[in-house]
Amino acid sequence: MVNDHMNPGVDDVMDEARKYIHDPISLTLIERAANYASVHHAGQFRRSGEPYTVHLNSVAYILATLRVGPQTIAAGFLHDVIEDCGISHDELAAEFDPEIADLVESVTKIGTLQFKGKNDPEYQAANHRKIFIAMARDVRVIIIKLVDRLHNMRTLQYQPEASQKRIAQETLDVYAPIAHRLGISAIKNELEDLCFYYLNRDEYYRIARLVEAKKAERDANVSQMIAEISEMLREHEIPHRIFGRSKHLYSIYRKMITKHKRFDEILDLLAIRIVTGTKQSCYETLGYIHAKYHPIPGRLKDYIAVPKTNMYQSLHTTIIGENARIFEVQIRTEEMDAIAERGVAAHWRYKEGSKYDARAEQKEIEDKLAWFKNKTQLLPNIWKLFSMMSSQPMSM
Ligand code: MN
């Protein structure tokens, strides 16, 4: 099965939050939200038969792993209380604060968007993404909504088959691209593999089997290369972390389709990542690697000097190692690595000892997203499109 996640409890959420949130007021806020949600959702169940709080704890937990601020985690626990418990915005504002109430209200409104169009699906998916982003206003709303969808996708097996296909298609068309645009690749990749499983199960299993068949050999080659490079970097006194990484199944599949390649032709199946201290040490590392191994022409990409539009930064090169094996190597700093995995969510950092400042969090993220806003200019006929969409909730 594609979902092997455990159900986290409130304690797990708190443990994760304490890794980066230290002030007692913020931690208490999160605990109060967890408690409020469990009181108000008492007696409600998911389709899986589990208590509804399983969903809320999971959403809050994933948010904490993304290192978002305490208000966002609190809103994660509370994100369904307006919809499912009849709590009003004002009640939430009085119980917590107006910002949390606003977050929950926006998440609820977006939840009512359901995409109906059948003709020209690509065009409409693009507009749906724009409307979704425009309605969110606050990027934290989008992050909560993405995490909500991620947990719904992880538990999609409990939905009827027709719903599975519809929800998976909508996730692939609307949610995964938004996660990509926000640079949250950890969520984008998992969403894509889950969609792949539900939309094209035969291909999913075929690729999974191919990957599995080569795994032992691949792991051995990667370990050997890691040992060589690591030794070399130690000699040059460059502190680093180095590890192998595997591509997610859907990206392998997409490459096979779009580039018309056979499985064994997909170059970056042997992939290594080096995380080091500074921008300078990234370039130094690249220099030592190119001095030792033959690089493949045309494969060097400097996304440090020229970041991708979703803020992704890294050096990419492809080199030929032992026995003519080809390795794709990524080199980046810790900060770049965090942004590559968590995107905008990684941009806000909890400053130890200082009081939580929601406005600072919001502003910092908004600044980083200036590019994003520019790219999502609304079409003049947005309201017409909006009126074409149903206002039926997702019923999940
Ligand atoms: Mn939900």
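Tutor: A helix here is a DSSP run of H or I with at least four residues, numbered from the N terminus, and a lining residue has an atom within 4 Å of a pocket point. On that basis, in this predicted model, the element that gives the most to the lining of the largest pocket is α14, with six residues. The pocket has a volume of about 1500 Å³. Its lining comprises 50 residues, and R245, K247, H248, S251 and Q330 lie nearest the centre.

Helix α14 covers residues 249–258, and the loop between α14 and β2 (271–276) holds K259. On the surface, K259 gathers with K261, K301 and K308 in a patch of positive charge.

Searching the whole structure gives two cavities of 30 Å³ or more. The largest cavity has a volume of about 40 Å³, and its lining consists of N221, Q224, M225, E228, E322, R325 and F327. Here the element that gives the most is helix α13 (residues 215–235), with four residues.

Side chains of opposite charge can pair when their charged atoms come close. The whole structure has 20 salt bridges. One of them joins the side chains of R18 and D15, at 3.2 Å from N to O. Both residues belong to helix α1 (residues 10–18), where they are three residues apart, about one turn of the helix.

To return to your question, α14 is the element that gives the most to the lining of the largest pocket.

Methods:
Residues numbered from 1 in each chain as written. Predicted model: local features only at pLDDT ≥ 70, side-chain atom pairs only at ≥ 80, totals over all residues. Heavy atoms only, no water. Patch = residues over 30% accessible without salt bridge, like charges linked within 9 Å, V, L, I, M, F, W, Y side chains within 5 Å. Areas by Shrake-Rupley, 256 points an atom, 1.4 Å probe, with all protein chains shown as cover. Salt bridge = Lys/Arg side-chain N within 4 Å of Asp/Glu carboxyl O. Lys, Arg positive; Asp, Glu negative; His and termini not counted. Charge placed at Lys NZ, Arg CZ, Asp CG, Glu CD. Helix = DSSP H or I, 4+ residues; strand = E, 2+ residues; numbered from the N terminus. 1 Å grid on protein atoms, 1.4 Å probe; cavity = no way out; pocket = protein on both sides within 12 Å on 5 of 7 lines; lining within 4 Å. Points joined across faces, edges and corners; volume = space filled by probe spheres on them.
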